[in-house]
Amino acid sequence: MIPLTLLTALVLTIILIRRTLVIVTVSGTSMTPALHPGERLLVRRCDLTALRVGDIVVLEPPRIPVSPEVTALAPLPTRTKWQVKRVAALPGDPIPEPARKASGTLRTVPDGTLIVLGDNKASHDSRLSGPYPATHLLGRTLRKL
């Protein structure tokens, strides 16, 4: 029989791991050739301060207008479909050329945001959406599984 203190420590460890680490499955081609659909990633939850340019991150896609004629934002799905992208610029960095058009008059990345790009140029990322809010960040990829 397992002593109660050992069982308590095991349960607390599992809770801590689940709050810190997440496994995400790649479903699109935006990160090819680095990542392919079906690959699984080990992701550590983090905030903007833990990131470096070049890191592969998982984040919630930005809300987008329903159509050019309608300014209301599309509702988010009840279950988040995460995006996997590479960090291209962090707050204070110059806006990279691929994201300049979508970033409007911004010349540097604003505080609380980041620029992310897919390795595949046919990616929905900061090229189309401009800076992503840091509040949409799930975490940084540690490795493929």
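Tutor: Contact here means heavy atoms within 4.5 Å. Keep in mind that this is a predicted model.

Student: OK. Which residues does Leu 48 touch, not counting those up to four places away in sequence?

Tutor: Leu 48 touches Leu 90, Pro 91, Gly 112, Thr 113, Leu 114, Ala 134 and Leu 137.

Student: And where is Leu 48 found?

Tutor: In the loop between E2 and strand E3, which spans 56-59.

Student: Is Leu 48 buried or exposed?

Tutor: Buried. The cut-off for buried is under 20% relative accessible area. Leu 48 has 17%, so Leu 48 counts as buried.

Student: How far apart are the C-alpha atoms of Leu 48 and Pro 133?

Tutor: They are separated by 9.6 Å. Along the chain, the two are 85 residues apart.

Student: Let's zoom out. How many helices and strands are there?

Tutor: Two helices and nine strands. From the N terminus on, the order is α-β-β-β-β-β-β-β-α-β-β.

Student: What share of the residues is buried?

Tutor: Of the 145 residues, 33% count as buried. The protein exposes about 9200 Å², and carbon and sulfur atoms supply 61% of that.

Student: What about contacts between residues 24 or more positions apart?

Tutor: They account for 59% of the contacts with a separation of 6 or more.

Student: Now the sheet. What is the strand order?

Tutor: E1-E2-E9-E3-E6-E7-E8. These seven strands form an open sheet, and the pairing is antiparallel.

Student: Which strands stand at the edges?

Tutor: E1 and E8, the latter at 132-133. Each has a single partner strand, so one side of each is left without a neighbour in the sheet.

Student: How many bridges join E1 to E2?

Tutor: Five, and the two strands run antiparallel. E2 covers residues 40-45. Thr 25 stands opposite Arg 40. Ile 23 stands opposite Leu 42. The bridge partner of Leu 21 is Arg 44.

Student: Which way do the E1 side chains point?

Tutor: They alternate. Val 22 and Val 24 point to one face and are buried.

Student: How does E3 look, face by face?

Tutor: Both faces of E3 are covered. Ile 56 and Val 58 lie on one side, Val 57 and Leu 59 on the other, and all four are buried.

Student: What does E3 pair with?

Tutor: Four bridges join E3 to E6, antiparallel. Leu 59 has Gln 83 as its bridge partner in E6. Three bridges join E3 to E9, also antiparallel. There, Val 57 stands opposite Arg 140.

Student: Pockets next. What is the volume of the largest pocket?

Tutor: About 390 Å³.

Student: Which residues lie nearest its centre?

Tutor: Thr 25, Ser 27, Lys 81, Trp 82 and Gln 83, out of 20 lining residues. The elements giving two or more residues to the lining are E1, at 21-25, and E6. E1 gives the most, with four.

Student: How does the lining split by class?

Tutor: Nine nonpolar, eight polar and three charged residues.

Student: Last one: where does Thr 108 lie?

Tutor: In the loop between E6, at 83-89, and E7, at 113-117. Thr 108 counts as partly exposed, because its relative accessibility is 41%.

Student: What is Thr 108 in contact with, leaving aside neighbours within four places in sequence?

Tutor: Gly 92, Asp 93, Pro 94 and Ile 95. The C-alpha atoms of Thr 108 and Ile 95 are separated by 5.1 Å, and the two residues are 13 apart along the chain.

Key:
Residues are numbered from 1 along each chain as its sequence is written. This is a predicted model: local features need pLDDT of at least 70, side-chain atom pairs count only at pLDDT 80 or more; totals for chains, interfaces and linings use all residues. Side-chain values use heavy atoms; hydrogens and water are left out. Buried means under 20% relative accessible area, exposed over 50%, partly exposed in between (1.4 Å probe, protein chains only). On a 1 Å grid over the protein atoms alone, a cavity is a set of points where a 1.4 Å probe fits but cannot get out, and a pocket is an open set with protein on both sides within 12 Å along at least five of seven lines; lining residues have an atom within 4 Å of a point. Grid points are joined across faces, edges and corners, and a volume is the space filled by probe spheres set on the points. Ala, Val, Leu, Ile, Met, Phe, Trp, Tyr, Cys and Pro count as nonpolar, Asp, Glu, Lys and Arg as charged, and the others, Gly among them, as polar. Accessible areas come from the Shrake-Rupley method with a 1.4 Å probe; for residues, only the protein chains shown count as cover. Two strands pair if DSSP finds at least two bridges between them.
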